Amino acid sequence: MLLTMCASVEEMIHSAVDALHKPNYDRARQIMAADDEIDRMDVEIEEECLKLLALHQPVAIDLRRITTVLKIGGELERVADLGVSIAERACGIVSCAEIAVPENMKDMSRQALDMLHRSIDAYVHLDVRTAREVCDQDEAIDNLNRIIIDELTRLMQSRPDLVEPALHMFSASRQIERIADHATNIAEDVVYLVQGEIIRHRSRTSTIA
């Protein structure tokens, strides 16, 4: 169930990011409809996990597995919400042909999607090394987001007529950066599942194996 949900979320985010380059109202509506299905999956996964907790009272690795699935489901649901937001931002720039998606944003999108995919792979294969590598990658995404924000700020200062579409692009960049944050959270959950170690809120250098 979790892997099905993840595949749907990945497809949704790919579509939302593509919409930034080729804004389309119909595509945005399709993404919003997909979010409803992902919400349903999230509820179903939570219900199944709660049943397992209530009926079997798991301990040790089994308890960690169930709590990890609960947390990853929540992270994926929030990533789907970000996909809807990105699609909405794309619709906000559809009427402005003068503003282009920054090259750095394209690179950031690819990296954020790669982080999401690899964090789930780490869960499937119980791969702590990959999970920690995902955590380390988050800082690069943060740096790209800062560069993009600086670039868009300069654009708005020099072209006041482009403030509105630039703000939509600004918001989209922030949403993509948050996808990377959620991928990092999933990777941290994998480390907890496998090693029983909580690494949230630690410096990135302390997570290196």
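Colleague: Where is the place of Thr130?

Modeller: Thr130 sits in helix α5. Helices here are DSSP runs of H or I with at least four residues, strands are runs of E with at least two, and both are numbered from the N terminus. This is a predicted model, in which local features need pLDDT of at least 70 and side-chain atom pairs count only at pLDDT 80 or more, while totals for chains, interfaces and linings use all residues. Residues are numbered from 1 along each chain as its sequence is written, and side-chain values use heavy atoms, with hydrogens and water left out.

Colleague: Is Thr130 buried or exposed?

Modeller: Thr130 is buried, at a relative accessible area of 15%. Buried means under 20% relative accessible area, exposed means over 50%, and partly exposed is in between (1.4 Å probe, protein chains only).

Colleague: Which residues is Thr130 in contact with, leaving aside neighbours within four places in sequence?

Modeller: Those are Arg118 and Ala122, where contact means heavy atoms within 4.5 Å.

Colleague: Now the whole chain. How many helices and strands are there?

Modeller: The chain has six helices and zero strands. Its radius of gyration is 18 Å, close to the 17 Å from the globule rule for 209 residues, so the chain is as compact as a globular protein of that length. That radius is taken over C-alpha atoms, and the rule is 2.2 Å times the number of residues to the power 0.38.

Colleague: What does the C-alpha trace span along its principal axes?

Modeller: The trace spans about 60 × 40 × 20 Å. Of the 209 residues, 46% count as buried. Among contacts with a separation of 6 or more, 82% are between residues 24 or more positions apart.

Colleague: Which residues have the most contacts inside the largest nonpolar core?

Modeller: They are Val9, Leu20 and Leu76, in a core of 62 residues. At least two residues of this core come from each of α1 (2–21), α2 (25–56), α3 (60–92), α4 (103–125), α5 (128–158) and α6 (163–195). A nonpolar core is a set of buried Ala, Val, Leu, Ile, Met, Phe, Trp, Tyr and Cys residues joined through side-chain atoms within 4.5 Å.

Colleague: What is Val9 in contact with, beyond its neighbours within four places in sequence?

Modeller: Val9 is in contact with Ile38, Leu76, Val79, Ala80 and Leu116.

Colleague: What lies over the face of Tyr192?

Modeller: Lys71 does, at 5.7 Å from the ring centre. A charge sits over a ring if NZ of Lys or CZ of Arg is within 6 Å of the ring centre and within 35 degrees of the ring normal.

Colleague: Lastly, what separates the C-alpha atoms of Val163 and Ile186?

Modeller: They are separated by 35 Å, with the two residues 23 apart along the chain. Val163 is in helix α6 and counts as partly exposed, at 29% relative accessibility.
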